[in-house]
Amino acid sequence: MTSPGIAVSVEQVVKRYGSVTALHGVSLDIRENEFFTLLGPSGCGKTTLLRAIAGFEDVTEGHIRLKGKDLVDQPPFKRPVNTVFQQYALFPHMSVTDNVMFGLLRKGWSRQEAERRVRDVLELVQLSDFAARKPGQLSGGQQQRVALARALAPRPEVLLLDEPLSALDLKLRQAVRMELKAIQRETGIAFIFVTHDQEEALTMSDRIAVMSSGRVQQVGPPREIYEAPVNRFVADFIGETNLLDVEVESVNDGMAKVLLPGNRRFECPAAAVEARGAGHLSVRPERISICAEAAGDLIATVTGHTYLGTDNQLHVKLVDGEVMSIRLQNTESTLLPKTGDVIGLELEAGAARLLAD
Amino acid sequence: MAASTNLRRFPGFLTVTIICLFVLYAPLIVVAVYSFNASTSITNWGGISLAWYVDVFTGPEAPKFQQAALNSIIIAVCASIVATIVATLAAVAMTRAGRFRGKTLSFALINLPLMVPEVVTAVASLVFFSAIGFTTGLTTILIAHTVFCIPFAYLPISARMQSIPDMYEQAAMDLYATPREAFKLVLLPLMTPGVLSGFLLAFIISLDDFLITNFVKGAGIETLPTAIFGSVKQGIKPNIMAISTLMLVVSVVFVSLSWLIGRMGQEKT
């Protein structure tokens with residue numbers, strides 16, 4: 001059963017195509033009025049899950065409830081959810097107005113009410129001047145907004161978005177992110193957004209579910225996903241990270257004592273890991289600073305650097321041969337060590353995390 | 001773009017091209033030109049005249065040819081409409097039903113009439129109609145035409161269907177359209193150029209058919225091609241050239257329309 005405040009509840013959903021399992025018992029709760037993102041590499045099952053919510057895929061096992069009502073046996077045209085498709089799927093033979101009105105008329109709205117609603121939604125996406133055009137006469141960004149307007153018009157309980165920004169160029173994509181987020185706040189509808197772009201997920205979402213190989217790896221707000229990943233996959237997939245092989249000495253109360261390469265001791269927060277043995281330490285490149293060789297947690301040799309504009313990326317090699325990258329802000333006061341220099345590395349306390357495999 | 005090959009470099013390219021064009025089109029040009037001949041001879045040029053076109057509509061053979069033309073048009077319209085409907089349904093099934101048992105077999109069966117020698121179909125149809133005791137007449141021509149027109153209508157429709165991604169129907173159903181409404185309001189309008197193109201192609205194929213028609217037609221019933229053939233057996237008269245030229249024009253117009261509509265639809269998506 002679903003508790004109040006939950007828009008969609010996905011319960012132990014399994015999807016098999018013959019011998020291939022696309023979803024291994026996925027469970028998720030999407031709250032009302034939430035911008036929720038399904039993030040993962042291609043083939044992780046995020047689109048399958050979205051299509052299962054929309055009704056385009058039958059689920060093999062499990063339930064999908066919308067405000068408590070089971071959707072599993074409902075065909076797509078009876079589910080009060082609407083989708084913004086990756087390629088927009090605007091009907092090419094209809095004007096913008098007719099596209100947006102399509103869902104309203106099928107739902108049985110009167111023509112008069114429908115026309116009023118179409119005007120309102122087109123205003124929301126700032127396309128009032130293009131109402132009479134055909135989709136083929138619009139730019140990619142405008143088509144994307146028509147697709148959004150068409151899906152929002154029938155006031156769905158939940159809006160599903162299948163990588164809607166992937167067909168836009170970079171500059172436009174960044175502008176549309178903010179717009180999309182603003183529209184979500186304004187309409188108060190829960191958005192379920194599918195993407196493989198971690199930057200998109202981090203900037204727009206209230207909460208993110210990171211998926212891989214048909215399983216949910218972690219669910220949480222962007223900051224938690226980035227700063228407190230629960231396993232190697234999440235740490236590696238979201239942003240850049242250095243993963244160091246370390247020896248775990250003890251884990252107490254979520255804090256671990258580990259032995260770093262080069263045999264210095266270090267204390268850090270730990271995700272659920274075995275109390276002893278080999279472990280992985282994840283450190284973001286921007287959470288490492290350089291210092292004198294003797295004062296560092298790690299000793300490294302500089303192997304090169306890359307200029308990135310806002311940052312300088314430093315490539316180093318540890319005594320045991322492991323390779324790391326470090327980001328130093330590009331300010332005038334930053335003195336870059338030269339290739340071949342031996343330096344000490346200081347890991348920011350609390351920012352390094354011990355992870356399970 | 002890959003660098004295109006300059007065809008002119010092939011030895012004999014020009015000669016072969018000219019021979020092909022000559023063999024294909026010279027007779028047509030001769031027929032078209034001589035249809036405007038003022039002379040009653042089919043070989044001697046006697047000046048330009050529209051007399052034979054007038055003769056086609058008012059001359060002694062006019063009633064025969066008019067009846068034949070009417071038969072041809074009735075058959076072509078009915079056969080191509082039915083064939084287009086069947087071909088449309090077949091194309092939807094073949095492209096939207098996913099994989100099903102016998103899909104390859106169905107595809108082969110739809111397109112088989114294109115591969116079977118026409119005379120075989122003609123003999124088979126005749127044998128079939130007499131075996132079930134069906135009196136030959138307009139109906140038998142109509143049935144035979146409908147059947148062999150299906151693959152011709154199917155080809156452009158199915159080509160069009162394959163270029164329509166199924167996301168449009170999904171979008172329609174996502175927006176509360178039942179499968180029937182999704183077909184009627186979204187898929188069918190998108191298919192229309194292919195359907196029209198298929199219809200026109202089937203129409204012209206039916207209009208032109210001689211062989212099968214000649215086998216399955218009943219006594220006393222003529223279509224334009226069989227009437228022309230019957231008339232030619234008694235010696236070629238210039239009015240035949242006028243009729244042939246008229247048919248040529250109708251065919252060219254229909255085939256061009258079919259091609260243009262098919263292309264227009266493709267540019268839209």
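Q: How many of the 357 residues of chain A, as a percentage, count as buried?
A: A residue is called buried when its relative accessible area is under 20%, exposed when that area is over 50%, and partly exposed in between, with a 1.4 Å probe and protein chains only. In chain A, 50% of the 357 residues count as buried, and in chain B the share is 39% of 269 residues. This is a predicted model, in which local features need pLDDT of at least 70 and side-chain atom pairs count only at pLDDT 80 or more, while totals for chains, interfaces and linings use all residues. Residues are numbered from 1 along each chain as its sequence is written, chains are lettered from A and ligands numbered from 1 in the order in which they are written, and side-chain values use heavy atoms, with hydrogens and water left out.

Q: How many helices and strands are there in chain A, and how many in chain B?
A: Helices (H or I, at least four residues) and strands (E, at least two) are DSSP runs, numbered from the N terminus. Chain A has eight helices and 20 strands, whereas chain B has eleven helices and zero strands.

Q: What span is expected of helix α3 of chain B, and what distance does the helix reach?
A: The expected span of a helix is 1.5 Å times one less than its number of residues. Helix α3 of chain B, residues 62–96, has 35 residues and reaches 49 Å from its first C-alpha to its last, close to the expected 51 Å. Just after this helix, B:Gly98 takes a positive phi of about 70 degrees.

Q: Where does A:Glu163 lie, and is this residue buried or exposed?
A: A:Glu163 belongs to the loop between β7 (158–162) and α5 (170–187) of chain A, and A:Glu163 counts as buried because its relative accessibility is 9%.

Q: Which residues are in contact with A:Glu163, leaving aside its neighbours within four places in sequence?
A: Contact means heavy atoms within 4.5 Å. By that rule, A:Glu163 is in contact with A:Lys46, A:Gln86, A:Val194, A:Thr195 and A:His196.

Q: With which side chain does the side chain of A:Glu163 make a polar contact?
A: A polar contact is a pair of N or O atoms within 3.5 Å; within protein, one must be able to donate a hydrogen and the other to accept it, and residues adjacent in sequence count only if both atoms are side-chain atoms. Here the partner is the side chain of A:His196, at 2.8 Å.
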